[in-house]
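Hi there,

Here is the structure I promised to pass on to you. Please open it next to this email and follow along as you read.

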Amino acid sequence: MQSVLPAPEKAGLNISALHWAGFLGIAVLVLVTSGIGLPSVLVVALGVTGMATLVLSWLGIGRLAAGLPERRLYWIAASWCAPLLVARPLFSGDINSYLAQGLIAAKGFDTYLVGPAEALGADSPVTLAVSHYWRDTPAPYGPAFVALARSVAHIAGDDFVPTVLLHRLLGLAGIALMAWALPRLARRVGVSPSIALWLALLNPLVLWHVVAGVHNDGLMVGLMVAGLELVLMGAAKAGAARPALIAAGVIAVSAAANIKIVAVAGLLFVGVDLFRRATPAGRVAVALGLPAGFAAVTVAISLGSGLGFGWVRVLSGVSGQVHSWMAPTNELGFLVGGVGKIFGADLTDGAIKVFSLIGAILGLAVGARLLWLTYREKLHPLYGAGLTFAAMLVLGPVVQPWYLLWTVALLAVSLTTDRGRWILAAISAVFGVLLPPANGGAVSLALGYLIAVVLIGGTLFFLKRKGLLPEIRFRKSRT
């Protein structure tokens, strides 16, 4: 396909300009959401303008990413993260649930049996800060994360600010693991490490939902990709496997799955690839060793943390209690429910359950097919795992913008065509401006987004007329 590239002699200038334009966009977002008293429509308008500025800057850097040194991309990532470290939690109130779950565990209650209202009191300020959807529900996360949240609660108590900062440190640990693993995984597939870093590490969704939004997906993804790299590193040379590295990788991926169980998909695909390449005796070791390793880590975390195995019981139910409007299966249910209302029938809940079941069956079928193709060497295991995560998003009952990071991290290191990368970048860009930076009524949100479109469009038009936008030329991409 065609890729758009600036003239080489202007590349350095363009990167600096895009870097600092993105930084400015983030700074604007942090400032207008800091509680300085702006009307909600202006918070939305200016916040979305800042978000869009970052997204456009990121896309612009993508045109030049293949030629950038990795350390330059690390510097950009660090400077973009810095302002968000002092921002209010944005785009989601999940950090309030993390605080509540940590306190529940710290008080000795079973977080997999009781919710914040029962354990902390319905009138507790901590409970009232939790979304009403989750006040009576147990923790939906694995024991590795609940144990970390409990440790944060022991340190910070119910103080919100240090809780946010400590959870952000956990997110930064995940980002650091991504920064280490992504270029190494990319080299294994023959993908430019710099492109992988641009597409995954600098992705706006990492900034918005791991750093600003304080979601535990950052730590989960970081542990997963680091673990996969360790497993592949340990099995890299035929006949010269390094069991210690493989074991360390299994531990890391298993720990990720003990935050969110979906991470186990990565281990499945790498395990199938190891099984395919092994000798008959080696296949027995892989078939028994990887599941045994995962089980051992899970038992150690569950019992060692004192949290037990209650999390297994709640895996299928808690998240699905809220009908996510982004999930395609739910959209079909809403459509059937809307038609039913015309005829006086309430079909929404039943239709969503049916479509969710169909999605689960199709998802299992897709995952099995991708595993088979990986075994037959039709797909790289990282690519197969990335596609499986994509199938989870399309067919699953709950979809959030930060869930896209599951598939972005693996496809960024395994997509070998410009077309595939830019499709993924375009999807990330759309999700990168989908959630507003502040709550407000429908009128405020609509007007705020409209003002942001006018501001961004007018700025781009002015820069184009003044000749300040980078000149571009076209060339055919061979990858």
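Let me begin with a definition: helices (H or I, at least four residues) and strands (E, at least two) are DSSP runs, numbered from the N terminus. Val214 is found in the loop between helix H10 (204-212) and helix H11 (217-234). This is a predicted model, in which local features need pLDDT of at least 70, side-chain atom pairs count only at pLDDT 80 or more, and totals for chains, interfaces and linings use all residues. Residues are numbered from 1 along each chain as its sequence is written, and side-chain values use heavy atoms, with hydrogens and water left out.

**The whole chain**

The protein chain holds 21 helices and 2 strands. Its radius of gyration (taken over C-alpha atoms) is 23 Å, close to the 23 Å from the globule rule (2.2 Å times the number of residues to the power 0.38) for 479 residues, so the chain is as compact as a globular protein of that length. Along the principal axes, the C-alpha atoms fill a box of roughly 65 × 60 × 55 Å.

How much of the chain is buried? Buried residues make up 51% of the 479 residues. Here, buried means under 20% relative accessible area, exposed means over 50%, and partly exposed lies in between (1.4 Å probe, protein chains only). The chain exposes about 21300 Å², and carbon and sulfur atoms supply 68% of that area. Such areas come from the Shrake-Rupley method with a 1.4 Å probe, and for residues only the protein chains shown count as cover.

Contact means heavy atoms within 4.5 Å. Among contacts between residues at least 6 apart in sequence, 75% join residues at least 24 apart.

**The cores**

A nonpolar core is a set of buried Ala, Val, Leu, Ile, Met, Phe, Trp, Tyr and Cys residues joined through side-chain atoms within 4.5 Å. The largest one has 112 residues, and the members that touch the most others are Ile61, Trp80, Leu84, Trp198, Leu201, Trp208 and Val225. Take Leu201: leaving out residues up to four places away in sequence, Leu201 touches Tyr74, Ala77, Ile175, Met178, Ala179, Leu182, Ala196 and Val206. There is also a second, separate core of 10 residues, with Leu99, Leu103, Ile104 and Ala119 among them.

**A covered helix**

Leu201 also belongs to helix H9 (residues 193-201), where 9 of the 9 residues are buried. Which elements cover the buried residues of H9? The cover includes H2, H3, helix H8 (160-189), H10, helix H19 (404-412) and helix H20 (418-432).

Leu68 has a relative accessible area of 11%, so it is buried. Beyond residues up to four places away in sequence, Leu68 touches Ile15, Ile61, Leu73 and Ser194.

Are they buried or exposed? Val32 is buried, with a relative accessible area of 7%, and Thr33 counts as buried at 8% relative accessibility. Setting aside neighbours within four places in sequence, Val32 is in contact with Leu38, Val43, Leu46 and Gly47. With the corresponding exclusion, Thr33 touches Val43, Arg88, Leu90 and Pro437. The C-alpha atoms of Val32 and Gly50, 18 residues apart along the chain, are separated by 9.4 Å.

**Two positive phi angles**

Most residues other than glycine have a negative phi. Phe91, in the loop between H3 and helix H4 (94-106), has a positive phi near 70 degrees. Phe91 counts as buried at 13% relative accessibility. Back at Val214, phi is near 60 degrees, also a positive value in a residue other than glycine. Val214 counts as buried too, at 2% relative accessibility.

**One more residue**

Finally, find Thr298 in helix H14 (residues 280-304). At 9% relative accessibility, Thr298 counts as buried. Not counting residues up to four places away in sequence, Thr298 touches Asn258, Phe309 and Trp311.

Enjoy exploring!

Best wishes
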